[in-house]
Amino acid sequence: MNKSTSQRLPPLKRNWWLKHRFFKLYMLREATVLPLVFFILCFLAGMVALLQGAESWQGWIAFMGSPIVLLLNLLALAASLFHAATFFVLFPRVMPLRIAGHSLPDKAIVAGQWAGVVAVALLFFWLLGRGGV
Amino acid sequence: MSTEQISTNVISTQSASTKHISVKRYLPDNSTETYWQEYDLPVDDSTSLLDALNHIKEQLDSTLSYRWSCRMAICGSCGVMVNGIPKLGCKTFLRDYEGDIRIEPLAHFPVQRDLVVDMEIFLEHLAAVKPYLIDDNPVKPYDPNAPETYQQTPEQLERYKQFANCINCGLCYSACPQFGLNPEFLGPAALTLAHRYNLDSRDNGKKQRMAELNRHDGVWSCTFVGFCSKVCPKHVDPAAAVNQGKVEAAKHTLIALFKG
């Protein structure tokens, strides 16, 4: 077939991801970074406030307690859990683990990762609880 | 062995029902514009999309162009978009569709005519990753007393077997937005085949392939959208292979760094 009669396709439009549920879910996964950026900025501001002294620290505590900040940080928590859920499922496909020549079942790897999350969360609750006493 | 249903039927004209399908036409000899053409077909429970296209070609409209060969999901030539999703015509059954059935040529490839696309760039990407066994040792003459050349254990086979099932149908390229945005991206099937040969115990070509894999248009253009694996008719899971390739590429970079 004569190449010159080929129809060149226009490049993908910016809204390509709106065409399919699967792509929307992918963009949602990628968008979880936005509330997480907000959380990281809050966290960094807290560090700076801690260095600046007691007054600044109290100001930061008040800021973190305001409803809108609380809401955004709850959103960040939900976003990070959602991202973790998608990432944990992908992990065994990217890094299939083999022990003594046998590959570990995907479900075991996913469960292991959630166990890790629970362990880290418990460690922090314990540390924070101790700090409060 | 696969026991998946494949299309072998000739549609009887006394079928129970008819279905309406729209096909995106492109006839560059007549016009540079595409247009939708509607067809009504007799269908039964076993009518595949490929049967339907054959029925159109033979009974209704001989000007329709599309590719097909084996009718059993192994030649990989009858890929089309069905309602925006890349599918093999022979493995898609009209009984699974209610309402609109819109057939278009595979996305992200230049269209030559109707449902026929130009797959040149895909073939170039395949060739670029050297998808064949590369052996540093020169081929020895066959020695019946020591026929151990290329022996492989079942465990060694298992490591790459899944990735060897690719039929080069190109559905994953139509599913991949990164390939749609940048046709220079080597893409799912080529990167999967590269990984398949890198995993093969008989192969020594990993170093040569890494140069292609470990660059922006190689594995690093993949953002793990994962739709390639959803549409793959042979369950190859190209997204897994590409991302395992990232791990290998990262290792390769680190090792090269320490070697100086």
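Among contacts in chain B between residues at least 6 apart in sequence, what percentage join residues at least 24 apart? The share is 67%, two residues being in contact if their C-beta atoms, placed from the backbone, lie within 7 Å. This is a predicted model, in which local features need pLDDT of at least 70, side-chain atom pairs count only at pLDDT 80 or more, and totals for chains, interfaces and linings use all residues. Residues are numbered from 1 along each chain as its sequence is written, while chains are lettered from A and ligands numbered from 1 in the order in which they are written.

**View 1. Chain B as a whole.** Nine helices and seven strands make up the secondary structure of chain B; helices (H or I, at least four residues) and strands (E, at least two) are DSSP runs, numbered from the N terminus. Its C-alpha atoms fill a box of roughly 65 × 45 × 30 Å along the principal axes.

**View 2. The two domains of chain B.** Domain 1 spans 17-117 and domain 2 spans 120-259, with bounds from an automatic or database domain assignment. Their centres, taken over C-alpha atoms, are 31 Å apart. Each domain gives twelve residues to the contact. On the side of domain 1, β3 (79-82) and β4 (85-88) of chain B are the elements that give two or more residues, and β4(B) has the largest share, three residues.

**View 3. The open sheet of chain B.** Five strands are ordered β2-β1-β5-β3-β4, with mixed pairing; two strands pair if DSSP finds at least two bridges between them. At the edges are β2 (35-43) and β4 of chain B, each pairing on one side only. From one strand to the next the twist averages 35°. Strands β1 (residues 17-25) and β5 (residues 102-104) of chain B run parallel over two bridges, and B:S22 stands opposite B:R102 in β5(B). Helix α1 (residues 49-60) of chain B packs on the sheet, touching β1, β2 and β3, and its direction makes about 100° with that of β2(B). Axes are lines fitted to C-alpha atoms, for helices over the stretch in contact, and angles run from 0 to 180 degrees between N-to-C directions.

**View 4. Surroundings of B:C172.** Leaving aside neighbours within four places in sequence, B:C172 is in contact with B:P188, B:A189, B:C228, B:V231, B:C232 and B:P238.
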